[in-house]
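Subject: Structure handover

Hi,

Here is the structure I promised to pass on.

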Amino acid sequence: MAILKVVASTMGRISTFRSYQLVLLLAAALAVVAFYYFGSEKQNFSSTTKRIKQSQASQNSNRNDADLSLDTRLIHPDETAEEGGEERDIEQESEEGRPGTDQHYHALMMFTKVDKSQSLQEKFRVAMLSMVKHGHFLEGEVLVLHFVSDQASQELGERMLLEFLLDATFKYEVVFHDVAVLTQKLFPIVEAMQKHFSAGSGAYYSDAIFFLSVAMHHIMPQSLTRIVQLDLDLKYRTNIRDLFQQFDGFPPGAVIGIAREMQPVYRHTFWQYRKENPQSKVGEPPPDGLPGFNSGVMLLDLGAMRASALYNQLLEPGNVAKLADQYRFRGHLGDQDFFTMIGMEHPELFYALACGWNRQLCTWWREHGYRDVFQLYYRCDGPVYIYHGNCNTPIPDD
């Protein structure tokens with residue numbers, strides 16, 4: 001009854017308005033509706049990206065030298081590929097080749113236990129700041145940064161990225177993947193191969209994540225067709241966009257782009273096979289030998305990996321065991337060992353990146369029995385695009 005009295009009273013007041021007052025009232029109501037309708041456009045970034053960019057905008061508002069045009073552009077709704085919820089579901093992506101959308105360049109880094117390691121945090125700082133310093137993308141291009149992480153490291157990573165991406169002049173998105181979820185998906189696929197390429201004698205559940213690149217084509221959505229996987233201990237000396245152009249050099253049948261190992265690691269690992277096959281090129285240095293691969297920088301053509309019957313046959317436990325026995329192989333470096341072993345038998349699956357794209361700096365094997373041949377593996381002619389400070393080796397200053 002109280003509500004009816006209020007309505008009746010209101011209608012009575014409206015009836016006393018003059019016609020022009022009623023028109024003004026209706027116009028005001030329409031303005032409010034328009035404000036909420038047209039001003040409520042949602043951005044299509046992941047929540048992580050949105051938090052980072054909003055925090056950056058807040059930080060820049062307090063900077064005397066803030067470039068507001070840059071910060072506004074980075075969070076402008078026009079950057080979104082389509083309207084939708086705050087969370088961007090990667091499994092619904094299908095941006096490659098779709099008219100009228102941005103072109104996405106995907107890069108993935110392992111980011112686990114970083115919260116517990118000051119060394120990893122410093123390596124991440126060097127990698128990201130150098131990537132941002134040299135990074136440049138064209139209009140309509142977006143760099144998507146994927147991080148495989150635990151919860152504590154993700155929280156730290158989000159805070160660090162606030163600083164590291166602050167001066168980025170290109171569009172980007174940030175996606176964190178739960179390491180536990182990916183491990184659960186990976187373990188059934190890679191369990192059988194772990195005993196051949198992991199430290200220790202068994203297949204440990206937690207070690208499965210070190211084989212992510214091997215089976216990423218089964219883990220990521222079908223719409224994601226190309227991705228580069230990068231170690232944290234890198235320093236970029238050129239535009240990372242140029243690395244993606246190396247996909248164009250893949251010959252028919254190649255599914256992975258990867259640089260040669262620059263130490264006599266596999267000369268040592270294949271010692272028994274080499275003893276039994278003294279004329280083999282297995283473990284020999286370049287340019288004519290097969291020194292194996294280093295997984296610090298990898299280009300994964302996920303579409304080609306899915307389509308390659310040969311590659312997927314090599315993932316089968318029986319075939320892994322057969323090759324490991326044939327080459328008397330027992331490694332401990334995860335995906336790098338697997339790619340090296342199958343590369344000895346099927347080099348056509350790989351596109352060899354120039355050494356400058358993964359200029360490894362570690363010299364451990366020079367001091368452990370291979371000084372006489374070390375330089376044959378370590379030499380790298382030509383420009384250096386990416387330094388790789390493997391085995392905690394200091395990276396030169398620019």
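This is a predicted model: local features need pLDDT of at least 70, side-chain atom pairs count only at pLDDT 80 or more; totals for chains, interfaces and linings use all residues.

Residues are numbered from 1 along each chain as its sequence is written, and side-chain values use heavy atoms, with hydrogens and water left out.

Disulfides

Searching the whole structure turns up two disulfides (a disulfide being a pair of cysteine sulfur atoms within 2.5 Å). One is between C355 and C380, with the sulfur atoms 2.0 Å apart. It ties together distant parts of the chain, 25 residues apart: C355 sits in the loop between β8 (350-353) and β9 (359-360), and C380 in the loop between α16 (371-378) and β10 (386-388). Helices here are DSSP runs of H or I with at least four residues, strands are runs of E with at least two, and both are numbered from the N terminus. The C355 and C380 link is right-handed, with 90 degrees about the S-S bond. C355 is partly exposed at 23% relative accessible area, whereas C380 is buried at 15%. For those words, buried is under 20% relative accessible area, exposed is over 50% and partly exposed is in between, using a 1.4 Å probe and protein chains only.

The other disulfide joins C362 to C391, S to S 1.9 Å. This pair also links distant parts of the chain, 29 residues apart, with C362 in the loop between β9 and α16 and C391 in the segment after β10. Its S-S torsion is about 110 degrees, so the disulfide of C362 and C391 is right-handed. C362 is buried at 4%, and C391 is partly exposed at 44%. In sequence order, the bonded cysteines pair 1-3, 2-4.

Cores and helix α8

The largest nonpolar core has 58 residues, of which M193, I256, Y311, Y327, F338, F339 and I342 touch the most other members. A nonpolar core here is a set of buried Ala, Val, Leu, Ile, Met, Phe, Trp, Tyr and Cys residues joined through side-chain atoms within 4.5 Å. Helix α7 (residues 179-197) gives the most to this core, seven residues. There is also a second, separate core of 44 residues, including V132, F137, L162 and L232.

Leaving out neighbours within four places in sequence, Y311 is in contact with residues including S213, V214, H217, I256, F338 and I342 (contact meaning heavy atoms within 4.5 Å). S213, V214 and H217 are among the buried residues of α8, a mostly covered helix (residues 212-219) with seven of its eight residues buried.

Back in α7, where T183 lies, T183 counts as buried at 6% relative accessibility. The C-alpha atoms of T183 and A208 are separated by 6.0 Å, though the two are 25 residues apart along the chain.

Largest pocket

Of its 38 lining residues, F210, D231, D233, S295 and L333 are the closest to the centre of the largest pocket. β7 supplies the largest share of the lining, three residues.

Best wishes

Methods. On a 1 Å grid over the protein atoms alone, a cavity is a set of points where a 1.4 Å probe fits but cannot get out, and a pocket is an open set with protein on both sides within 12 Å along at least five of seven lines; lining residues have an atom within 4 Å of a point.
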